[in-house]
Amino acid sequence: MNLTRRNLLKGAGGAIAALFVAGLVKPIRVLAGTWNEAAFQSKDLKEALSASGAAGAADSTDVVLTAPGIAEDGAVVPIVVRSNIPDTTRVSVFVEQNPYPLAASFDFMNEALPEVGVRLKFGKTSTVRAVVMAGGKAYTAHKDVKVTAGGCGG
Amino acid sequence: MPYPMRIRAQLHGDVTAITAIISHPMETGLKKDGDKVVPAHFIRMLTVDVGGKRVIESHLNMAVSTNPVLNFKVKGAKVGDKVEINWEDNLGEKGFGESVVSVPE
């Protein structure tokens, strides 16, 4: 009978809800949005920039990019980006001469400060570029890093 | 598959400095081992929650170094607040690590 089935479903739903309330069943944690395939898998710098919303970024001294001038090991190049621009929501880092220029992007929410440190592989000597999104606009700073030993197998 | 993670979260004044060190090969898929291409295997998404609130959502590419070391800063956290980091790689593998905010000794 339909009635029986309905009652059964109701009962089951209630039981599951109760487990949620009791914290016995944890909802599956949702990871950060979707990986921007068009931007990350682009081999072309211009394309990677525009796919990540960074095209036409204005040079700004409020984007503070710290990177070594010379990297002895291209496999581990420490990069720090800090934004002094109010309402910064995102920092993206590009290694312009790498096969895939977009290396990483970071979205800041709640109490996060717009500053991030990450270590990147440089295939060869390259310009590293940070792009900051703030108030719907893009700002950028860049620095040249001379690599004396390769990071991607020579 | 186990991927150990170490997290340090230290309060300096009002700012908590978070450092995460994650064991992961971060293979680019561009490297060759003899004649064979080593398949790409890298973390693509990583989140940081402090005191139950999401503070960082990051998307990574294969250019991030092997065994990633990441630094973040958060305001307003208190000693004892939980710091949770989750990641997922391009093969669908997931990793998790947690720690609590402490004061430097």
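Does R90(A) count as buried, partly exposed or exposed, and at what relative accessibility? R90(A) counts as partly exposed, at 25% relative accessibility. Here buried means under 20% relative accessible area, exposed means over 50%, and partly exposed lies in between (1.4 Å probe, protein chains only).

The model is predicted: local features need pLDDT of at least 70, side-chain atom pairs count only at pLDDT 80 or more, and totals for chains, interfaces and linings use all residues. Residues are numbered from 1 along each chain as its sequence is written, chains are lettered from A and ligands numbered from 1 in the order in which they are written, and side-chain values use heavy atoms, with hydrogens and water left out.

Chain A has three helices and nine strands. Helices (H or I, at least four residues) and strands (E, at least two) are DSSP runs, numbered from the N terminus. The order in chain A, from the N terminus on, is α-α-α-β-β-β-β-β-β-β-β-β. Chain A holds 154 residues, and buried residues make up 40% of them. Contact means heavy atoms within 4.5 Å. In chain A, 63% of the contacts with a separation of 6 or more come from residues 24 or more positions apart.

Chain B has zero helices and nine strands. Its elements run β-β-β-β-β-β-β-β-β from the N terminus on. Of its 105 residues, 50% count as buried. The C-alpha trace of chain B spans about 55 × 25 × 20 Å along its principal axes. For chain B, residues 24 or more positions apart account for 56% of the contacts with a separation of 6 or more.

The two chains meet across an interface. In it, 34 residues of chain A are in contact with 34 residues of chain B. Together the chains bury about 3200 Å², 58% of it on carbon and sulfur atoms. Buried area is the accessible area (1.4 Å probe) that two parts lose on being put together, summed over both. Between chain A and chain B, 20 residue pairs are in polar contact, both residues at pLDDT 80 or more. A polar contact is a pair of N or O atoms within 3.5 Å; within protein, one must be able to donate a hydrogen and the other to accept it, and residues adjacent in sequence count only if both atoms are side-chain atoms.

On the side of chain A that touches chain B, β6 (102-108) and β7 (112-120) of chain A each supply at least two residues. β7(A) gives the most, with eight residues. The residues of this side divide into 21 nonpolar, seven polar and six charged. Ala, Val, Leu, Ile, Met, Phe, Trp, Tyr, Cys and Pro count as nonpolar, Asp, Glu, Lys and Arg as charged, and the others, Gly among them, as polar.

β6(A) pairs with strand β6 (residues 53-60) of chain B in the antiparallel sense, over five bridges. Two strands pair if DSSP finds at least two bridges between them. F106(A) stands opposite S58(B) in β6(B).

F40(A) lies in helix α2 (residues 37-40) of chain A. F40(A) is buried, with a relative accessible area of 1%. Not counting residues up to four places away in sequence, F40(A) touches residues of both chains, including W35(A), Y100(A), L102(A), H59(B) and L60(B).

Salt bridges complete the picture. Side chains of opposite charge can pair when their charged atoms come close. A salt bridge is a side-chain nitrogen of Lys or Arg within 4 Å of a carboxyl oxygen of Asp or Glu. The whole structure has eight salt bridges over all chains.

D107(A) forms a salt bridge with R90(A), the closest N and O atoms being 2.6 Å apart. This pair links distant parts of the chain: D107(A) in strand β6 and R90(A) in strand β5 (residues 88-95), 17 residues apart. D107(A) counts as buried, at 16% relative accessibility. R129(A) forms a salt bridge with E96(A), again with 2.6 Å between the closest N and O atoms. R129(A) lies in strand β8 (residues 126-134) of chain A and E96(A) in the loop between β5 and β6, 33 residues apart. R129(A) and E96(A) are buried.

Between chain A and chain B the count is two salt bridges. E111(A) forms a salt bridge with K53(B), the closest N and O atoms being 4.0 Å apart. E115(A) and K73(B) meet in a salt bridge through their side chains (3.2 Å, N to O). This pair crosses from strand β7 of chain A to strand β7 (residues 69-75) of chain B. E115(A) counts as buried at 18% relative accessibility, and K73(B) as partly exposed at 29%. Salt bridges that share partners join D49(B), R54(B) and E57(B) into one network.
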